[in-house]
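Biologist: Could you walk me through a few spots in this structure with me? I'd like to start with one side chain and then move on to the ligands.
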Amino acid sequence: MPIIERDKLNAKIAELLDKHGKNRSALLPVLQDLQEEYGCLTGLIMQETAHAMEIHPSEVEGVVSFYSFFRTEGQEGRYVIRLCRTISCELAGKAQVANQFENELGIEFGETTPDGMFTLEYTNCLGMCDQGPAVMINDRLFARVTPAMVPQLIEDCRRDFLKSEFPEVVPSDVRKAGPIIQSDVEAGDALQAALELSRADFISRLRDSGLKGRGGAGFPTAVKWQLAAAARSDNKFVVCNADEGEPGTFKDRYLLFDQTDLMLTGMIMGGYAIGARKGFIYLRGEYLYLKKHIEDALTRFREQGRLGEAILGKDGFDFDIELRMGAGAYVCGEETALIESLEGFRGEPRNRPPFPVDTGFNNNPSIVNNVETFVAAALIAAKGSDWFKAHGTEKSTGTKLFSVSGDCKRPGIYELPFGTTVSQLLEEVGAESTKAVQIGGASGHCIPESEFDRTIAFEDVSSGGSIIVFDQSRDMLQVAKNFMEFFVEASCGQCTPCRDGNVTLLEGLEMLEEGRCPASYLKELTKLGETIQIASKCGLGQSSPNAFLSIVKHFKNELLGRAPKVS
Ligand SMILES: Cc1cc2nc3c(=O)[nH]c(=O)nc-3n(C[C@H](O)[C@H](O)[C@H](O)COP(=O)(O)O)c2cc1C
Ligand code: SF4
């Protein structure tokens, strides 16, 4: 337990409030820096922070308890070993790695060693699905971990070898490049091209391109930007959703590192289009190792006059971007939860409407877009809408980046046109004897072999980019269970259908596993799943039963065919 002198603590808090601003929105960055300094957030730290920020201490505690990356006193060991429990890492051998950690440390997952040195925890997707099993030890990420590597990892912790300010980035495996990945567009030229157009003409170019949001829902980008542009306010915001937490998705990690300039340029164009002066990048806590790279790019952009006042000499166009770190909550990828989090609150989704284009950050008009959407917007500015529309289908223009993991020879990142069929994709990635494909991550749909001729497009099977392949050897009940466990944990708990309904679905799967779920009860569970889809408040709850329902629909006999467990 750290011994903290109150005076020094208060001086530190004052310094952090100077750095981040003395407003509620600074709460998460201040707490993150305090945790970095003191190792955990003690009662005193929370109390003094609340006092200095003039908010109630229970508010600070409420925030701290919401985010899994915040640690309170005595909660965790000096080294927190987080093993990814997402299905892709499961398929790659997570269980064996977990056993090895437990054997070496003599504790189970969820426990801390008696000397306070190590905590073992499961975590959700670390964005390394093509290179699993993945482990995060404090801020360091390890890919392709085998049981044989475990003793050395523990030894390195004991000798404090893992301490370094910004660990190196594990490179992405790009397997197929298309016009976005191969693009030779210089970000400065793209920005110049956009600023030469009027705001209205720039939005028209986006509209002509047919670009739809790449974060999953596929909302037309030009419509969103036009709505925010038309909103009457002098205070508007651009938000880049870099919270990539959908299990099986890791394509934004690639873009954030390898296409940083285009992503920032797309955000600046967003600022230009809607008349904003400030942008935020909300980067998931699990991608902390990308922070320095992005901040260096922001500094470079300021030096080059691409951020700041009168950007590229354009009078009246002032815009800057701030990087904010998430703190381990999948639901914060939902745009209104993300805004709550940016404002310094628990990441609990809001009712919609009103939408962020009217009532976003601090109730001001805001556009929230996915990383890939900003990259695509930057390229459309430079290359025109016809170039973009030359790829994809009529309703789903352009190419899409896919994160492919699971049972295939070549997992990694693929850029393919919308309209690609599931079977074409499977051939491309070297998948053989495939039983099913989960498209769109845990919140997506499970497609059986009989539907492999379907196309991946907004008008057929839509996807934010996650593709997980299952071969004939896989047990679809275990797949469904893994996804439901994820949702039970990820639900923010605000509304009953999502909070309790998903628990009931998971319990149903456990009954099936034990051979004690009759077909009639499975039918009831299906009805419950459909109710959760309709009655939940946000996209998390609304999509949480998708995998369950599609697996029940296509693999019912496999699910029901278990022998009862003999006790
Ligand atoms: C639970 C949940 C998690 C989400 N996570 C992300 C995410 O990590 N990245 C993202 O861009 N969109 C995510 N979304 C979608 C966002 O709410 C929003 O639609 C998106 O950022 C809009 O950007 P786009 O129009 O460019 O796709 C999530 C939605 C839900 C319901
Ligand atoms: S649907 Fe789930 S995640 Fe969304 S608000 Fe309700 S409880 Fe929270």
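Biologist: Which backbone nitrogen does the side chain of Asp407 reach?

Modeller: In this predicted model, the side chain of Asp407 reaches the backbone nitrogen of Asp471, at 2.8 Å.

Biologist: And where is Asp407 found?

Modeller: Asp407 belongs to the loop that runs between strand E10, residues 399-406, and strand E11, residues 412-417.

Biologist: Is Asp407 buried or exposed there?

Modeller: Asp407 has a relative accessible area of 13%, and it counts as buried because the cut-off for that class is under 20%.

Biologist: Which residues is Asp407 in contact with, leaving aside its neighbours within four places in sequence?

Modeller: With those neighbours set aside, Asp407 is in contact with Leu91, Ala431, Val469, Phe470, Asp471 and Arg474, and Asp471 is also the residue whose backbone nitrogen the Asp407 side chain reaches.

Biologist: Let's go to Tyr414; what is its place?

Modeller: Tyr414 is in strand E11, and with a relative accessible area of 1% it is buried.

Biologist: Which backbone oxygen lies 2.5 Å from a polar atom of the Tyr414 side chain?

Modeller: That is the backbone oxygen of Arg410. Leaving aside neighbours within four places in sequence, Tyr414 is in contact with several residues, among them Arg175, Lys176, Phe402 and Glu428.

Biologist: How many residues apart in sequence are Tyr414 and Ile181?

Modeller: Tyr414 and Ile181 are separated by 233 residues in sequence, while in space their C-alpha atoms are 9.3 Å apart.

Biologist: Now the ligands. Which residues come nearest to ligand 1?

Modeller: There are 18 residues around ligand 1, and those that come nearest are Gly215, Asn241, Asn369, Asn370 and Thr373.

Biologist: What lies 2.7 Å from an oxygen atom of ligand 1?

Modeller: A backbone N or O atom of Gly215 lies at that distance. Side chains take part as well: a polar side-chain atom of Thr373 is 2.6 Å from an oxygen atom of ligand 1, and an N or O atom in the side chain of Asn369 is 2.9 Å from an oxygen atom of the ligand.

Biologist: And ligand 2, where does that sit?

Modeller: Ligand 2 sits in the largest cavity, with 13 residues around it, of which Cys492, Gln494, Cys495, Cys498 and Cys538 come nearest.

Biologist: How many residues of each class are in the shell around ligand 2?

Modeller: The shell of ligand 2 has seven nonpolar residues, five polar ones and one charged residue.

How values were computed. Residues numbered from 1 in each chain as written. Chains lettered and ligands numbered in written order. Predicted model: local features only at pLDDT ≥ 70, side-chain atom pairs only at ≥ 80, totals over all residues. Heavy atoms only, no water. Helix = DSSP H or I, 4+ residues; strand = E, 2+ residues; numbered from the N terminus. Buried < 20%, exposed > 50% of the residue type's maximum accessible area, 1.4 Å probe, protein only. Polar contact = N/O pair within 3.5 Å; in protein donor to acceptor, adjacent residues only side chain to side chain. Contact = heavy atoms within 4.5 Å. Near = heavy atom within 4 Å. 1 Å grid on protein atoms, 1.4 Å probe; cavity = no way out; pocket = protein on both sides within 12 Å on 5 of 7 lines; lining within 4 Å. Sits in = over half its atoms within 2 Å of the grid points. Nonpolar A, V, L, I, M, F, W, Y, C, P; charged D, E, K, R; others polar.
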